[in-house]
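The sequence and structure come before the details.

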Amino acid sequence: MPTDQQPVLLVTGASRGIGASVAVKAAAAGWAVVINYLSNRQAAEAVANTITEAGGVAHIVQGDTGTEEGIAAIFAMIDREFGRLDGLVNNAGVVDQTARVDEMSRERLERMFAINVIGKIRCASEAVKRMSTRHGGKGGTIVNISSMAAVLGSAGQYVDYAAAKGAVDTFTIGLAREVAAEGIRVNAVRPGIIDTDIHASGGLPDRARDLAPLVPMQRAGTADEVAEAVLYLLSPQASYVIGAIMNVSGGR
Ligand code: NAP
């Protein structure tokens, strides 16, 4: 398909984990994919190479979704290279070290909410400006990556992260209703314990394996299993699905 006719999908935090899997599967489904990353350029390039070697279209773009400069850089690249945007997977997210609430600093909370909440709302805002029929766009679809932590609360581990994901859930419902008549479908996926690098970045590299016995299915999930749910919500098969928050968690 010529590039100018191909729908364009931005996946934030797509160099590793769930975002990387979404990027590869979306490219196979026909999207031109914009792979955003924070610092691991090599990993982003590897994802892009996987896509282009399979005949797909992929561009990488560095940008911290927790900052206005980062978001501006991402959308400037999309406007320059593609001149259109049809989908957003608001995936970039972080955890912090295990801590009780009475040990959490203001700096920690500001970083947590800057990336996991404000960054997602700002990326969605920029996407709506380009996709909404109200702004002359052709419509589109947004999938926010939440977490089962929003429901479970993550006591003793990272209640700040859980609270940020609760905000993502509420934002998903509100934005979905706000832009439903403007050609944009907004939904979310709530992954459970998924085997990615995120646990090591929070100081618990074995977390997925250690928590597996608590999962009714008795195992952690994979990034590919989460990506399949995201691909469904992005697809025309989900044409009447808005404001849905799909648990992909093996029952926990
Ligand atoms: P991951 O393996 O740690 O990968 C994180 C990705 O996000 C990387 O591509 C990283 O880029 C990027 N990133 C981090 N901070 C960023 C920022 N400020 N700006 C732009 N990109 C940034 O994470 P994951 O496990 O795939 O998690 C993806 C999403 O799923 C997150 O929203 C997370 O909260 C959610 N989730 C994960 C689990 C789980 O068990 N894994 C469960 C529930 C929800 P670099 O490679 O450049 O560092």
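## Packing of α3 and α4

Helix α3 (residues 68–81) packs against helix α4 (residues 106–131) at an angle of about 30°, and their axes are 11 Å apart; here axes are lines fitted to C-alpha atoms, for helices over the stretch in contact, and angles run from 0 to 180 degrees between N-to-C directions. Because angles under 35 degrees count as roughly parallel, α3 and α4 are roughly parallel to each other. The crossing of α3 and α4 is right-handed, that is, the near helix is turned clockwise from the far one by less than a right angle.

On the α3 side the contact (heavy atoms within 4.5 Å) is made by E68, I71, F75 and D79, and on the α4 side by G119, R122, C123, E126, A127 and R130. These residues divide into four nonpolar, one polar and five charged, where Ala, Val, Leu, Ile, Met, Phe, Trp, Tyr, Cys and Pro count as nonpolar, Asp, Glu, Lys and Arg as charged, and the others, Gly among them, as polar.

## Basis of the model

This is a predicted model, in which local features need pLDDT of at least 70 and side-chain atom pairs count only at pLDDT 80 or more, while totals for chains, interfaces and linings use all residues. Residues are numbered from 1 along each chain as its sequence is written, and side-chain values use heavy atoms, with hydrogens and water left out. Helices (H or I, at least four residues) and strands (E, at least two) are DSSP runs, numbered from the N terminus.

## Nonpolar cores

A nonpolar core is a set of buried Ala, Val, Leu, Ile, Met, Phe, Trp, Tyr and Cys residues joined through side-chain atoms within 4.5 Å, with buried meaning under 20% relative accessible area (1.4 Å probe, protein chains only). The largest such core has 32 residues, and those with the most contacts inside it are V22, V33, I35, I51, V89, V189 and V230. Among the elements that give two or more residues to this core are β1 (8–11), α1 (17–28) and α9 (223–234), and its largest share, eight residues, comes from α9.

Leaving aside residues up to four places away in sequence, V22 touches V11, V89, A227, V230 and L231. A second, separate core of 26 residues includes F82, A124, A176 and V179.

## Loop residues

S154, in the loop between α5 (149–152) and α6 (159–179), has a positive phi of about 55° although it is not a glycine, and at 13% relative accessibility S154 counts as buried. G156 has its place in the loop between α5 and α6, and its C-alpha atom is separated by 5.2 Å from that of R100, 56 residues apart along the chain.

Notes: Parallel < 35°, antiparallel > 145°, perpendicular 65-115°, else oblique. Buried < 20%, exposed > 50% of the residue type's maximum accessible area, 1.4 Å probe, protein only.
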